[in-house]
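Please keep the sequence and the model in view while reading.

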Amino acid sequence: MSTVTHPSGERARPGRPAPRPAPSRGLVSRGRELGGRVFNGFSHLFLVVWAVMVIYPLLWVVMSAFKDDSEVIREPLSLIPDELHWDNFTRAWGEGHLGAFFLNTLLVLVGSVFLTMLLGSMAAYVLARYEFPGNRLIYYMFLSGLTLPIYLAAVPLFKGVYNTGIALPLLGPNKHLMLILVYVAWSLSFTVFFMHSFFRTLPDSIAEAAMVDGASHSRLFFSIMLPMAKPGLISIGIFNVLGQWNQWYLPTLLMQSVAGEPKNQVIAQGLIELSVNQGYKSDWSGLFAGVTMAMLPVLIVYIVFQRQVQSGLTAGVSK
């Protein structure tokens with residue numbers, strides 16, 4: 001009985017189909033290369049669309065700050081104003097009390113971010129580097145703070161602040177110190193969660209060497225471990241600055257205006273009042289100017305520290 005020889009060299013027996021030739025390696029590589037190009041093309045297109053969606057609203061707000069009210073209403077989507085109205089910024093800063101709002105916000109932000117970073121780092125370090133009964137319970141209690149919407153705590157929070165203010169006037173409503181402590185409590189959960197993961201990536205050998213040389217636990221933390229965690233501190237610090245700068249609900253709940261005066265109100269509240277600071281006439285140009293001035297500080301901070309934020313987010317993975 002005769003046999004048929006396949007081009008690949010393998011003989012096909014009678015009653016059995018001949019083996020198919022193996023696909024060429026060149027075809028496989030060209031297919032993979034084509035698929036990679038298509039994927040990269042879609043990725044770049046998505047990034048371009050995303051960049052336009054992010055940049056255009058910011059640019060629109062900034063350019064609208066130089067228009068007058070009639071131009072804002074007549075041509076709301078145009079980017080180029082007919083004339084630059086610099087008086088919008090002057091009116092927002094003076095008549096809209098934006099200068100006072102800025103000062104109040106900076107005062108609250110400096111105190112709250114400092115305490116949040118200090119207390120959050122200390123708690124995260126102890127929970128990450130020391131084993132003791134109840135360690136995981138305390139850690140999960142901090143994490144539970146991330147699951148509780150702040151709106152559910154509005155009534156007990158306001159009632160607690162009000163009652164505390166009766167006994168301690170410095171911690172009552174409309175007080176900077178009270179808002180600082182509330183901000184710290186609000187930001188502490190995420191800070192502990194983030195820094196706990198970062199402290200666990202630090203090497204044990206350095207800490208052990210320092211303890212052998214006679215360093216105390218407090219000196220080990222402040223002189224060695226905390227400087228090593230600098231990328232993580234910068235990242236979580238930027239997140240806290242952005243979150244507390246843009247916070248509106250807590251100040252609105254706890255910092256009420258008195259007789260129309262800004263008093264201790266922060267910038268998020270000031271922007272709301274800016275839109276109606278002329279009675280029933282909406283001051284759109286002043287509002288856009290105020291939003292621009294409120295947006296620029298945090299935008300500059302992020303642009304300056306963006307490399308540190310990226311390195312802090314990837315440090316735990318790379319280590």
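Is Ser121 buried or exposed? Ser121 is buried, with a relative accessible area of 2%, where buried stands for under 20% relative accessible area, exposed for over 50% and partly exposed for what lies in between (1.4 Å probe, protein chains only).

## Basis of the description

The model is a predicted one, in which local features need pLDDT of at least 70 and side-chain atom pairs count only at pLDDT 80 or more, while totals for chains, interfaces and linings use all residues. Residues are numbered from 1 along each chain as its sequence is written, and side-chain values use heavy atoms, with hydrogens and water left out.

## The chain as a whole

The secondary structure comes to 14 helices and two strands; helices (H or I, at least four residues) and strands (E, at least two) are DSSP runs, numbered from the N terminus. Of the 319 residues in the chain, 35% are buried. Among contacts between residues at least 6 apart in sequence, 68% join residues at least 24 apart, a contact being heavy atoms within 4.5 Å.

Helix α4 (residues 98-129) packs with α10 at an angle of about 140°, their axes being 10 Å apart; axes are lines fitted to C-alpha atoms, for helices over the stretch in contact, and angles run from 0 to 180 degrees between N-to-C directions. That angle makes α4 oblique to α10, since angles under 35 degrees count as roughly parallel, over 145 as roughly antiparallel, 65 to 115 as roughly perpendicular and the rest as oblique. The crossing of α4 and α10 is right-handed, a crossing being right-handed if the near helix is turned clockwise from the far one by less than a right angle, and left-handed if anticlockwise. On the α4 side the contact includes Phe102, Thr105, Leu106 and Ser121, and on the α10 side it includes Leu233, Ile236, Asn240 and Trp245. The residues of this contact of α4 with α10 divide into nine nonpolar, seven polar and no charged, with Ala, Val, Leu, Ile, Met, Phe, Trp, Tyr, Cys and Pro taken as nonpolar, Asp, Glu, Lys and Arg as charged, and the others, Gly among them, as polar.

The axes of α4 and α7 come within 6 Å and cross at roughly 35°, and α4 passes α7 in a right-handed crossing. The residues of the contact of α4 with α7 divide into 17 nonpolar, ten polar and one charged.

## Residues around these helices

Ser121, which is found in helix α4, touches Thr116, Met195, Phe199, Phe221, Leu226 and Leu233, not counting residues up to four places away in sequence. Asn240 is found in helix α10 and counts as buried at 5% relative accessibility. The side chains of Asn240 and Thr191 are joined by a polar contact of 3.3 Å, that is, a pair of N or O atoms within 3.5 Å, of which, within protein, one must be able to donate a hydrogen and the other to accept it, and residues adjacent in sequence count only if both atoms are side-chain atoms. With residues up to four places away in sequence not counted, Asn240 touches Val113, Thr116, Met117, Ser187 and Thr191.

Trp186 is found in helix α7 and is partly exposed, with a relative accessible area of 35%. Leaving aside neighbours within four places in sequence, Trp186 is in contact with Ile150, Gly243, Gln244, Gln247 and Leu250. Trp186 and Thr116, 70 residues apart in sequence, are 9.2 Å apart in space, C-alpha to C-alpha.

## Helix α5 against α7

Helix α5 (residues 135-147) and helix α7 (residues 176-199) have axes that come within 7 Å and cross at roughly 125°, which makes α5 oblique to α7. The crossing in which α5 passes α7 is left-handed. Residues of α5 including Arg136, Tyr139 and Phe142 meet residues of α7 including Leu188, Ser189 and Phe193, and the residues of this contact divide into eight nonpolar, three polar and one charged.

Met141 also has its place in helix α5, but Met141 is exposed, with a relative accessible area of 54%.

Asn246 lies in the loop between α10 (230-245) and α11 (249-254) and counts as exposed at 52% relative accessibility. The side chain of Asn246 reaches the backbone oxygen of Leu242 at 3.1 Å.
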